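Dear colleague,

I am passing on the structure below, together with some notes on what turned up in it. Please read them alongside the sequence.

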Amino acid sequence: MTHVFLVGAGPGDPELLTLKAARLLRAASVVLYDSLADPRIIAMAGPAARLIDVGKRCGKHAASQAQICRLLVEEARGGHNVVRLKGGDPMVFGRASEEMDALRAHGITFEVVPGITAATAAAAALNLSLTRRGVARSLHFLTGHGAQGGLPAHDFVSLTKSGGTLVVYMGGETLPGLAAHFIEAGMPPDMPAILIENASLADQRSVPATIATLPRLHAAQAAAGPVLILIGEALRDANEIAALESQAVSEMERTMADASCG
Ligand SMILES: C[S@@+](CC[C@H](N)C(=O)[O-])C[C@H]1O[C@@H](n2cnc3c(N)ncnc32)[C@H](O)[C@@H]1O
């Protein structure tokens, strides 16, 4: 009998949760959740469910991966109906493989329930097709954070030559190095790049830029939530529209400020 469900919580907006995830949460006796899981989603668990925060954010580990794996195994062995709730999709930069390995090693069966990953949530939020026909030939999900910290040793030349759309997870801190490597690898400095923070949530914020200007713009407006970086020709229209919109908002704010001073 399946005792553990690795469940994708999606990007944050509770309405983007799958029906299956919501049903499993309601039926769970134990929920182990990450820091990116939205409180409104955790609150969908039944009143008797035990809620365990194993969240980690920006390298600050509330529980180590080994502890999480141990907990999962213990709770499943205790006969509990366990939901392991993970931000976005469990199979995209979610360390699902370690958890599945631990469960397999103990003969515990599990099921994975997909969730909407940050990349597709960001694409929807920006009205942006990541695979725009005739423009982007491929789509690449990259991590901006190496296993030992810092920037991973990507093949920046191949990625640049791919002509695809690049989506960087966990790249907020390493963005300056990332941009410099792409430009060194031959990416035109005016390649459109957008940073989106808290995609799908009410406090979502996007920074339309180019690969050359994005690091400076990001540094000037410190982000508190998770950020995703999108790079590629497919962004050109979305980028221009976002720039026009943010210009319109700034002008409106300036007008309102002038009116309240006067
Ligand atoms: C450990 S990875 C988990 C990814 C997750 N499994 C997924 O499929 O979206 C965490 C990174 O996902 C990205 N992320 C997750 N939720 C996000 C959101 N709502 N808005 C922007 N980026 C998000 C950020 O790059 C963050 O640093």
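The structure holds 11 salt bridges, a salt bridge being a side-chain nitrogen of Lys or Arg within 4 Å of a carboxyl oxygen of Asp or Glu. This is a predicted model, in which local features need pLDDT of at least 70 and side-chain atom pairs count only at pLDDT 80 or more, while totals for chains, interfaces and linings use all residues. Residues are numbered from 1 along each chain as its sequence is written, and side-chain values use heavy atoms, with hydrogens and water left out.

Among the salt bridges is one between E197 and R205, whose closest N and O atoms are 2.8 Å apart. E197 counts as buried because its relative accessibility is 6%, whereas R205, at 23%, counts as partly exposed; here buried means under 20% relative accessible area, exposed over 50%, and partly exposed in between, with a 1.4 Å probe and protein chains only. R40 and D38 also meet through their side chains, at 2.9 Å from N to O, and D38 is buried at 10% relative accessibility. E98 and R95 form a further salt bridge, with 2.6 Å between the closest N and O atoms, and D34, R84, K86 and E99 are linked in a network of such bridges.

D34 is also one of the residues touched by G87, the others being A9 and G10, when residues up to four places away in sequence are not counted (contact means heavy atoms within 4.5 Å). G87 lies in the loop between β6 and α4, where helices (H or I, at least four residues) and strands (E, at least two) are DSSP runs numbered from the N terminus. F93 lies in that loop between β6 (82–86) and α4 (96–105) as well, and ring pairs link F93, F141 and Y169 into a cluster; rings of Phe, Tyr and Trp (its six-membered ring) pair if their centres lie within 6.5 Å.

How values were computed. Rings of Phe, Tyr and Trp (its six-membered ring) pair if their centres lie within 6.5 Å; planes under 30 degrees apart count as stacked, over 60 as edge-to-face and the rest as tilted.
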